[in-house]
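Hi,

Here is the structure I promised to send over. Have a look at it first, and then read on for my notes on what turned up.

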2 protein chains.
Amino acid sequence: MQANLQQDEPRSPRYYRIYQAMLSDIQQGSLKPGDVLPSEMHIAQSYGVAPGTARKAIDMLVDRGWVERQHGKGTFVRRADFSHSLARFFRLTDREGVQLHPKSELLDIRVVPGTTDICHHLDLPDDSELIQIERVRRVDEMPLLHEVIYLSRTRFQSLLNLPPDAWGDLLYPLYEQVCGEVVFRATDTLSVGPVPESPAHHLDLPPGVQVIEIARLARGYDERPLEWRLSRGRLDWFHYSFDIR
Amino acid sequence: MQANLQQDEPRSPRYYRIYQAMLSDIQQGSLKPGDVLPSEMHIAQSYGVAPGTARKAIDMLVDRGWVERQHGKGTFVRRADFSHSLARFFRLTDREGVQLHPKSELLDIRVVPGTTDICHHLDLPDDSELIQIERVRRVDEMPLLHEVIYLSRTRFQSLLNLPPDAWGDLLYPLYEQVCGEVVFRATDTLSVGPVPESPAHHLDLPPGVQVIEIARLARGYDERPLEWRLSRGRLDWFHYSFDIR
DNA sequence: GATATCAACTCATATATAAGACTATAAGTA
DNA sequence: TACTTATAGTCTTATATATGAGTTGATATC
């Protein structure tokens, strides 16, 4: 798991080199989500540094969202949670303020030849075969979002053999259980454009009206792109807040 | 500036109480943007703690954006910079990739009776008088954004006497120089809606078409609301990206 | 006068150590 | 059995100290 510190880089602080070494352990998969790290004392001893130095390296991993500390128990590789990601865009609470979880309906799954730009997003050769998944997300039977999802066929092959009742509301846990691919972070890009006919139909909208477009590129622990998706939703439900300083 | 630590709260760490004390100095204005903090050694001595404890308190201020360290010089109260805030929403680079800065045209400034919701945003009594400013932001003469800005009349009175040529492209430096009010952070809320007639005219759009709406609440160092503004812009130029994990 | 050196101050990195607080398990007791 | 207590392991807070590195201004030298 750990090795002695290389002194290849001329002068970077010890805590930074330890941070890089532990990050590499996580990215290469020798430490998986949920795994416990060695204790701070063990880390310090195995790298031959003082406890404070090891702790500062762990601080960096915590700040960047790679691991979580639990007082009295240990430090664990963090599993990202995207289960509330739609709540950023839509008011998903009932009259009592309780969180509502959108339901998912699988419309279609098939293998398609990848377009140039999607393959480019996914770091794949231009003509790679992709798995295309079409879904509708609903709250109280009201259609909220139409999603088209693209995955590398070679990495997600086993999704194709999945029985229909195995598809839950969330995809990322499925990716992990069925394909062993774990999403660590994602980049969402918002824009607005006219809705094509098929999404319009599932959203109960006339084709061509403006909808919010949420393009997402999801990446694994090794930063490699795993999934690209385009979600479209009604504008009148949409809002998004964020702080700047 | 500093005082001995109160032990009012039964058990919070020393570094946290020092953080709170220094934050209070900033929020109350005894430390202003650009001011240098006492050195880490001085802070440690004046609070009677070890240097590492004082440094951890400063770490918290740095992490939260209140101060900035400069190696060899000191630690300074940070001045927030909103001059590139539009670049988050629109591609503001020319063909060589150089940043373009939108120009501002002042359309109107007047005193208006505040509506209930705007006064509520600004933490003012329901019928307070407000200063209303109307502007257009342009890039290469192309209208990008129409802004309506609301300020408390009592706090921003001196803006009313400002000669037209004193208005630059950026408002926040003006607020500071003319009114002594400094913006520290802001919350932007994105939505989409139909454009009223007056903004439509200045954006070269037919009234009623959908536009991006950016509602901003800007706050000072003491967290009190200073400004509420509603900006509207063409949808076809708009996009916004962010990371989630 | 122009340049180089030094000294004092700053933050940055690192060590070694101690005691507190939280968790889980094992051992003891009623 | 059910409850309490001890213990070992973990992260957390805190001290005291030393050395490195960047900045600035004063001083010395050419």
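**The largest pocket**

Helix α3(B) contributes the most to the lining of the largest pocket, giving 7 residues. Please keep in mind as you read that this is a predicted model. The pocket itself has a volume of about 710 Å³. Of its 18 lining residues, those closest to the centre are Lys56(A), Asp59(A), Asp63(A), Asp59(B) and Asp63(B). The elements that supply two or more residues to this lining are α3 (51–63) of chain A and α3 (51–63) of chain B. What is the make-up of the lining by class? There are 11 charged residues, along with 5 nonpolar and 2 polar ones.

The side chain of Asp59(A) meets that of Arg69(A), with 2.8 Å from N to O. This pair joins distant parts of the chain: Asp59(A) sits in helix α3 of chain A, while Arg69(A) belongs to strand β1 (residues 67–70) of chain A, and 10 residues separate the two. Over all chains, the structure holds 40 salt bridges.

**Where the two chains meet**

I then turned to the interface. On the chain B side 28 residues are in contact, and they touch 27 residues of chain A. The size of an interface is often given as the accessible area lost when the parts come together. Here chain B and chain A bury about 2600 Å² between them, and 52% of that is on carbon and sulfur atoms. Which three residues supply more than any others of the area that chain B buries against chain A? They are Phe242(B), Ile244(B) and Arg245(B), which account for 33% of that area.

Side chains of opposite charge can pair when their charged atoms come close. Between chain B and chain A, the count is 2 salt bridges. In a salt bridge at 2.5 Å (N to O), the side chain of Arg185(B) meets that of Asp243(A). There are also 16 residue pairs in polar contact across the interface of chain B and chain A, counting pairs with both residues at pLDDT 80 or more.

On the side of chain B that touches chain A, at least two residues each come from β6 (183–194), β7 (210–220) and β9 (240–244) of chain B. Strand β6(B) gives the most to that side, with 9 residues. By class, the residues on this side of chain B divide into 12 nonpolar, 8 polar and 8 charged.

How many cavities of 30 Å³ or more does the structure hold? The count is 1, and about 30 Å³ of space lies in the largest cavity. Its lining is made up of Leu122(A), Leu124(A), Ser152(A), Arg155(A), Pro225(A) and Leu226(A). By class, that gives 4 nonpolar residues, 1 polar and 1 charged.

Best wishes

Conventions:
Residues are numbered from 1 along each chain as its sequence is written. Chains are lettered from A and ligands numbered from 1 in the order in which they are written. This is a predicted model: local features need pLDDT of at least 70, side-chain atom pairs count only at pLDDT 80 or more; totals for chains, interfaces and linings use all residues. Side-chain values use heavy atoms; hydrogens and water are left out. On a 1 Å grid over the protein atoms alone, a cavity is a set of points where a 1.4 Å probe fits but cannot get out, and a pocket is an open set with protein on both sides within 12 Å along at least five of seven lines; lining residues have an atom within 4 Å of a point. Grid points are joined across faces, edges and corners, and a volume is the space filled by probe spheres set on the points. Helices (H or I, at least four residues) and strands (E, at least two) are DSSP runs, numbered from the N terminus. Ala, Val, Leu, Ile, Met, Phe, Trp, Tyr, Cys and Pro count as nonpolar, Asp, Glu, Lys and Arg as charged, and the others, Gly among them, as polar. Contact means heavy atoms within 4.5 Å. Buried area is the accessible area (1.4 Å probe) that two parts lose on being put together, summed over both. A salt bridge is a side-chain nitrogen of Lys or Arg within 4 Å of a carboxyl oxygen of Asp or Glu. A polar contact is a pair of N or O atoms within 3.5 Å; within protein, one must be able to donate a hydrogen and the other to accept it, and residues adjacent in sequence count only if both atoms are side-chain atoms.
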